[in-house]
Structure formats: C-alpha cells, structure tokens
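Visitor: Please show me the structure, and then let me ask about it step by step.

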Amino acid sequence: DRTFEAAIGVFNGDGQNVTANADSSVLGVARATYRIVPYLALGANVAAYFGDSTRYGVDVNFETPYGVLRAELIGQSFDVGGDDDDGWYVLAASPVTPWLQPMVKYEQFERGAVAAIPLEAWTFGANVRPWGRSTRITLQYVARTTGDPGVTRGLGLAQFQVIF
C-alpha cells in the first residue's frame, strides 16, 4: 500500500497554550510522508519562522509489529546572519510484551555559530500500556553531554497519556 500524506499549518510564535502573540511572529509548517511499502515511510518537513529562520528535516521510519527503527536529519538556516544548525537522531524500540516497549535513542546536534557547543544525548526508556492502547505511560532517562570536553547531566522524564 503506497500512500502519500501532506499537512500544513500556521501557528503563533509564543508556544503551546498561549493565547497572545507578543512579538507577532508566525510559524508556518509543512510536512509530507510517502509510504513506500507497508512498513517503510520517508518524510520531509519545513518550518519557517517568517522573518527569522527556516527549519527543515528528512526522516525514515521502519515500523513493524516487532519494532520501530526511526532516523531523522534536521537543520536550521537563518535569514540574516548566523551559520546553519544541524543534527540527527536514530531511535529503536521493540515490544517485549503487549504492554511494555523499551526504547533507546541517540542524537547529536550542533549550532552553527562560532564557538558552538555540541550536544549529544542518549535516551533510555519504555512505553508502558497498563490498560491497553488507550493509555500510555512513557518513562525516560536522558543523559546529555555538552561541550568539549563533555559535561554529562542526566534527567528523568515521565509522561501519562490518555486517548479518548
């Protein structure tokens, strides 16, 4: 089944759950995905902060009942001055039971500015579905290393989602 999907949107620039737009910035986003075969999809996206910068990315997603392997290249180009930012990540996850899906993710990101501080991170976690597909608890530990030589800091994250 080959399928093509596209989506576009325009958003205010102040973030989630904010009703005002103090600086009048607007974010335009477009995304397209093409499913080559049932388990393999390629995607591309672009997001423009009008009058500021453009972000872009390409991704590949291989998802079967036995697991997920996902990778993405991202970047940002500034309209005035500044060097491009770029990064990438790869993520793998596989269910070990119907209610438990461990995952691991590795990512690198580097700002293009002079004297940029590189960032790399490992994320280890699990998606837990104690009451079926309508609920999900995501538990993660993220170890981020910044600078050269690197300083590593850890952070634990938890998220609870309910679909209704």
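The questions below go from the whole chain to single residues.

Guide: This is a predicted model, in which local features need pLDDT of at least 70, side-chain atom pairs count only at pLDDT 80 or more, and totals for chains, interfaces and linings use all residues. Residues are numbered from 1 along each chain as its sequence is written, and side-chain values use heavy atoms, with hydrogens and water left out.

Visitor: How many helices and strands are there in the protein chain?
Guide: Helices (H or I, at least four residues) and strands (E, at least two) are DSSP runs, numbered from the N terminus. Read from the N terminus on, the elements run β-β-β-β-β-β-β-β-β-β. The count for the protein chain is zero helices and ten strands.

Visitor: What percentage of the residues in the protein chain is buried?
Guide: Buried means under 20% relative accessible area, exposed means over 50%, and partly exposed lies in between (1.4 Å probe, protein chains only). The C-alpha atoms of the protein chain fill a box of roughly 50 × 40 × 35 Å along the principal axes. Of the 164 residues in the protein chain, the buried part is 24%.

Visitor: How far apart are the closest N and O atoms of Arg31 and Asp59?
Guide: Arg31 is partly exposed, because its relative accessible area is 33%, whereas Asp59 is buried, because its value is 13%. These two residues form a salt bridge, and their closest N and O atoms are separated by 2.9 Å.

Visitor: Which strands hold Arg31 and Asp59, a pair that links distant parts of the chain?
Guide: Arg31 and Asp59 form a salt bridge. The two residues are 28 residues apart, with Arg31 in residues 26–37 and Asp59 in residues 53–64, which are strands β2 and β4.

Visitor: Are Glu63 and Arg70 buried or partly exposed?
Guide: Glu63 has a relative accessible area of 37%, so Glu63 is partly exposed. Arg70 stands at 28% relative accessibility, so Arg70 also counts as partly exposed.

Visitor: Which residue forms a salt bridge with Asp85?
Guide: Asp85 lies in strand β6 and is buried, because its relative accessible area is 2%. A polar contact (a pair of N or O atoms within 3.5 Å; within protein, one must be able to donate a hydrogen and the other to accept it, and residues adjacent in sequence count only if both atoms are side-chain atoms) of 2.8 Å joins the side chain of Asp85 to that of its partner. The closest N and O atoms of the salt bridge are 2.8 Å apart, and the partner is Arg111.

Visitor: Why does the pair of Asp85 and Arg111 tie together parts that are apart in sequence?
Guide: Arg111 counts as partly exposed because its relative accessibility is 46%. Asp85 and Arg111 form a salt bridge. Asp85 lies in strand β6 and Arg111 in the loop between β7 (100–110) and β8 (119–128), so the parts that the pair ties together are apart in sequence by 26 residues.

Visitor: Where is Asn127 found, and which residue has a side chain joined to that of Asn127 by a polar contact?
Guide: Asn127 is buried, because its relative accessible area is 14%. Asn127 is found in strand β8. The polar contact of 3.0 Å joins its side chain to that of Thr138.

Visitor: Which elements give two or more residues to the nonpolar patch?
Guide: Patches are made of residues with over 30% relative accessible area and no salt bridge, with like charges joined within 9 Å and nonpolar side chains (Val, Leu, Ile, Met, Phe, Trp, Tyr) within 5 Å. The nonpolar patch on the surface is formed by Tyr39, Val58, Phe62, Leu69, Leu73, Trp88 and Val90, with about 620 Å² of accessible area together. The elements that give two or more residues to this patch are β4, β5 and β6.

Technical notes. A salt bridge is a side-chain nitrogen of Lys or Arg within 4 Å of a carboxyl oxygen of Asp or Glu. Accessible areas come from the Shrake-Rupley method with a 1.4 Å probe; for residues, only the protein chains shown count as cover.
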